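Subject: Structure handover

Hello,

Here is the structure I promised to pass on to you. Please open it alongside this email, and my notes follow below.

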Amino acid sequence: MKLFDITFGNNISGTKELFVKGGAYDAAGNTLRLKEGERADFGTYFNLLPHPQYKKYCGAEKFALSLRADGRYKLSIYAQTGGGKKLILSREAEGDCEAEFCGAEDGGYTFFTAEAMSGCTFYGGQWSAQGESAKRVKIAIVICTYRREEFVRANIARMAEAIAREPEWKERLHVYIVDNAKSLGDMRGDFYHTVPNRNLGGSGGFARGMYELDKDPSYTHFLLMDDDISFDFSVIERTYHLLRALTKEHENASVGGAMLVLEKPVIQYEFGGRFDGLRFRLINSGLDMREIPSLLKNQSAKRPGYNAWWYCCMPASSIKKYGLPMPFFIKGDDVEYGMRSAEEFILTSGIAVWHQDFAGKYTGVLEYYIKRNLAVVSALWCPSGGFRPAVRFAYFMFKNLLLKNYDCAQVLYEAYEDFKKGYRFFLENDPEEVNARVRRLAQALSDAEEIEKLCGGKPKVRERDPNKKSEFFRCLFLAVELYMPSFAFSERVGVTDIGNPSAADCFMKKTVVHYDKKSGKGIILHFDKKRRRNLRRKSFKVFFGMLFGYGKIKKELIKHRAEMCSRENWERMFFAGKE
């Protein structure tokens, strides 16, 4: 049974060593050339064989590597573990070659190298295993978009090019493009079509796609994908072949895709994640995937509790069994649905997409959705009373007061006030109207010229680790500022990173700039004694409301969870104003 194809590269700059180390890749011809004596190493992110996963999930014991090539070369297959690499087999070959071997020892991964004994050209190859891929698989791909026409058309074109080479893919998948802005028109083809939708955010877009595909019983799986990712069609092929090979024991497993950072394309942002009710724990984040230790860490990664919806493939039966996503608008829907419905997640190196770094996408308005929705997720799936959620609220509220970000503090207040309304809020409110209310507090960015004039030059931002745990205790110490009089504040301008702000950078400053190094823009904020006092008072109200009322809210959310995620509730939102 086919596992996946050997791939030599793509058109994303800086990614070559994620495919092969050595040789010259010709993107136009999709070939790899080696000069005499030159060696190509395929122990890479996209070409290594994660044999322990295929053994566990597919029952594979015997494997084979086949190559299509011209010229003479020496083929070597190795097992890589933490203790080093071990040679499995080595042989000389000329032209096409196939090598069979039994699975290596558990742990680590398998890879191969090719050393040219004359000038060589490689045209492709594949990893396979003994057995049959007997299961029928048909995937409904759901792409949710809002005014990103260029991205959508580019991704559809990429798929169309691959499907033109292998037309049978028209029977294996279909793409639902859920258009929340209704700006794409009636785009349709042999393997895709648009679904006009109200602007119900990413949650509403993905829910609409799942709602539509659930009408067609021919689908075995659905694949949720962001509209602005860069990916190789080979990742979809690899997912398809993995699903076909799953044993009965694992047939309800979901396949997650890792995220690589588009601006730093060899860096892995996330390999699945976990949420404990207080913090996200991104698995294997920040690893350089050119390095052997990083590849080994992916092989021994902790089991994720969710996989983000930039690329997440789940059984179609999940919709009837577990319902549709929570009506969150944006943020946290993938976390909640993964914790609710994913019976098992499979992640491997090689199933991944590139996504823009989130630091440049941050806005204060997002805090409403992040904090409200994760409070709901915590109540539904994390065993805790009211103390931890109340402390979580107080921390973020007081931190924003220290940051002089009163608009964001107001957003947080509204987020928790809406959370306190419980399940009825998600059954009675219209997400479009809620979003319009929240966006009133959106902050305008000041341009680089204005900021440099205020700061007397280009601001310098102090670098800090976003995962460092000391910020919580630092904020406790700095909270004395919340009661200090106006005259004690400094006129010197404080500067902090807009995506990862530090209260220490803004301590006792009358004016602060939340600065984006990438764009040169930022938010200019000023100390406001009156707003501070008002928001401080509101904070105590919410804190004690959470502390003593959380149990009742949690109980009712759990009781009415199915109702919030039901087809009927989503139909109310999809077709509002229609007969």
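To begin with a quick one: is Arg424 buried, partly exposed or exposed? Arg424 is partly exposed, because its relative accessible area is 46%; buried means under 20% relative accessible area, exposed over 50%, and partly exposed in between, with a 1.4 Å probe and protein chains only. Arg424 belongs to helix α11 (residues 423-428). Helices (H or I, at least four residues) and strands (E, at least two) are DSSP runs, numbered from the N terminus. Leu557 is 133 residues from Arg424 along the chain, yet their C-alpha atoms are separated by 8.9 Å.

Before going further, some notes on conventions. This is a predicted model, in which local features need pLDDT of at least 70 and side-chain atom pairs count only at pLDDT 80 or more, while totals for chains, interfaces and linings use all residues. Residues are numbered from 1 along each chain as its sequence is written, and side-chain values use heavy atoms, with hydrogens and water left out.

**The cores**

The largest nonpolar core has 121 residues, and Tyr73, Phe122, Ile141, Met159 and Val175 have the most contacts inside it. A nonpolar core here is a set of buried Ala, Val, Leu, Ile, Met, Phe, Trp, Tyr and Cys residues joined through side-chain atoms within 4.5 Å. Helix α4 (residues 233-245) gives the most to this core, with seven residues. There is also a second, separate core of 56 residues, which includes Met326, Leu380, Val542 and Cys565.

Apart from neighbours within four places in sequence, Val175 is in contact (heavy atoms within 4.5 Å) with Ile141, Ile143, Ile156, Met159, Phe191, Tyr192 and His193.

**Helix α4**

α4 has 13 residues and reaches 19 Å from its first C-alpha to its last, close to the 18 Å expected at 1.5 Å a residue; that expected span is 1.5 Å times one less than the number of residues. The helix is mostly covered, with 11 of its 13 residues buried. Among the buried ones are Phe233, Glu237, Arg238 and Leu243.

Leaving aside neighbours within four places in sequence, Ile236 is in contact with Ile141, Met159, Trp169, Leu173, Leu223, Phe231 and Tyr311.

**Helix α1**

Helix α1 (residues 51-58) is largely enclosed by the rest of the structure, because six of its eight residues are buried. These are His51, Pro52, Gln53, Tyr54, Tyr57 and Cys58. The buried residues of α1 pack against β1 (2-5), β5, β9 (109-116), α4, α5 (292-299) and β23 (345-346). Gly59 follows the helix and has a positive phi, near 70°.

**The second largest pocket**

About 980 Å³ of space lies in this pocket. A pocket is found on a 1 Å grid over the protein atoms alone, as an open set of points where a 1.4 Å probe fits, with protein on both sides within 12 Å along at least five of seven lines; lining residues have an atom within 4 Å of a point. Grid points are joined across faces, edges and corners, and the volume is the space filled by probe spheres set on the points.

Of the 32 lining residues, Thr7, Gly9, Asn30, Arg165 and Ser234 are the closest to the centre. β5 (62-70), β10 (120-129), α2 (149-165) and α4 each give two or more residues to the lining, and α2 gives the most, with five. By class, the lining has 12 nonpolar, 12 polar and eight charged residues.

**Two backbone details**

Most residues other than glycine have a negative phi. Asn30, not a glycine, has a positive phi of about 50°. Asn30 sits in the loop between β2 (24-26) and β3 (31-34) and, at 42% relative accessibility, counts as partly exposed. Phe329 has a positive phi as well, of about 75°, and is in the loop between α6 (317-322) and α7 (333-341). Phe329 counts as buried, at 7% relative accessibility.

Note on methods: Ala, Val, Leu, Ile, Met, Phe, Trp, Tyr, Cys and Pro count as nonpolar, Asp, Glu, Lys and Arg as charged, and the others, Gly among them, as polar.
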